[in-house]
Amino acid sequence: MPNTGHATQTTDLHDPTPFGRVAVIGGGAWGTALALTAHRAGRQTRLWIREESAVAEINSTGRNPFLPAHEIPRPIAVTADLEAALRGAELAVLVIPSQHLRAVAARVEALLPPGVPVVLCSKGVEADSGALMTQVVAEEMPDRPQAVLSGPSFAAEVAEDQPTAVTIAAPAGAQGLFGPDHLAGRIAVTLASETFRPYLSDDPVGVEVSGAVKNVLAVASGIIAGRGMGSNPRAALLARGTAEISRLSVALGGRAETVLGLSGAGDVMLTCSSEQSRNFSYGQALGAGRKPDTAKGAVVEGVANARSVLALAQRLGVQMPICEAVDRIVHRGLSIDRAIAALLTGPLRAEPRALEHRASIAHPALSTPQAKRVFA
């Protein structure tokens, strides 16, 4: 049925075939939560953890030190042997920090039979290449079917079986937008349960860019909180940060409206407003003048991706002043007060996005032409 855009539009119902055997590659908090999700959905689940000490602790106590409050059911096979984890898998879920994905993807490719799809749960832009995670996998795992999973989902709450909605994105299939063999649909029915609800998308670029940039925005939001600032600057940051996601997404071939969904605005609202977010907590410590606590080994993706996201945006000619401010604070020693002042006194512009380039007025608070450079 053609899409008319009306709210009452319906579509043919399909019955995609779920994947019965799932290998989750990456046993941090989010990987562990997704292994629990697959298990609850009735799938045979294996979990690969790089750290043998964590595997030993799970085998002895039933708990992962990266998510210690939640017991790992015995039917979930936990191993540090990548070959054993992937043996017989029908779907591989890659939950690897963005800057380490390439190396792990190459190892997985050598062990995974052709045609077995992967779903990417890594969020970021590779530092050296400026590649999105889907591009990294395409290079290391040529012709491998792939999808992207992202959305507002704290690992601890997913592990607690709290209601959660995410987006799963894959390119449109040969049988139509969401035909019975569409990869996003098959992954959705593989993981769906009474409390875990996936939505489908055919815009992996928009979903992926949203996931990468929201971590940088969360650092900025934490800085605002740590500085003791109120709700007004937080709201402005979230709105204008979402505009930055939209600019970059469209420049890379994604759709602007994807940024309004779960993987965009939904994840931004979650990650930018809670101390459960490592990125928010990191920024909060910076804003309060404290040294962020990174001793627990958790990866703060927003710190690494502030630089890589900005480099990608600059290569494409996309303006992302909030991401630039975060990069200059965490990597180049710019003072927080100066960064905030620069953001507030940048050129006055129009919105929404379609009008952004129609107006650019020098801010009247600045008295010299040199000062009008945002990060002079």
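Predicted model: local features only at pLDDT ≥ 70, side-chain atom pairs only at ≥ 80, totals over all residues.
**Note on the cavity, a pocket and model confidence**

1. The residues lining the largest cavity divide into 2 nonpolar, 5 polar and 2 charged, where Ala, Val, Leu, Ile, Met, Phe, Trp, Tyr, Cys and Pro count as nonpolar, Asp, Glu, Lys and Arg as charged, and the others, Gly among them, as polar.

2. Residues are numbered from 1 along each chain as its sequence is written, and side-chain values use heavy atoms, with hydrogens and water left out.

3. On a 1 Å grid over the protein atoms alone, a cavity is a set of points where a 1.4 Å probe fits but cannot get out, and a pocket is an open set with protein on both sides within 12 Å along at least five of seven lines; lining residues have an atom within 4 Å of a point. Grid points are joined across faces, edges and corners, and a volume is the space filled by probe spheres set on the points.

4. The second largest pocket has a volume of about 1000 Å³; of its 35 lining residues, R240, P321, I322, L343 and L344 are the closest to its centre. Its lining comprises 25 nonpolar, 4 polar and 6 charged residues.

5. The mean pLDDT (the predictor's confidence in each residue, from 0 to 100) of the chain is 90, and 91% of its residues reach 70 or more. Over residues 1–8, however, the pLDDT is below 50, and this stretch has 5 contacts (heavy atoms within 4.5 Å) beyond near neighbours in sequence.
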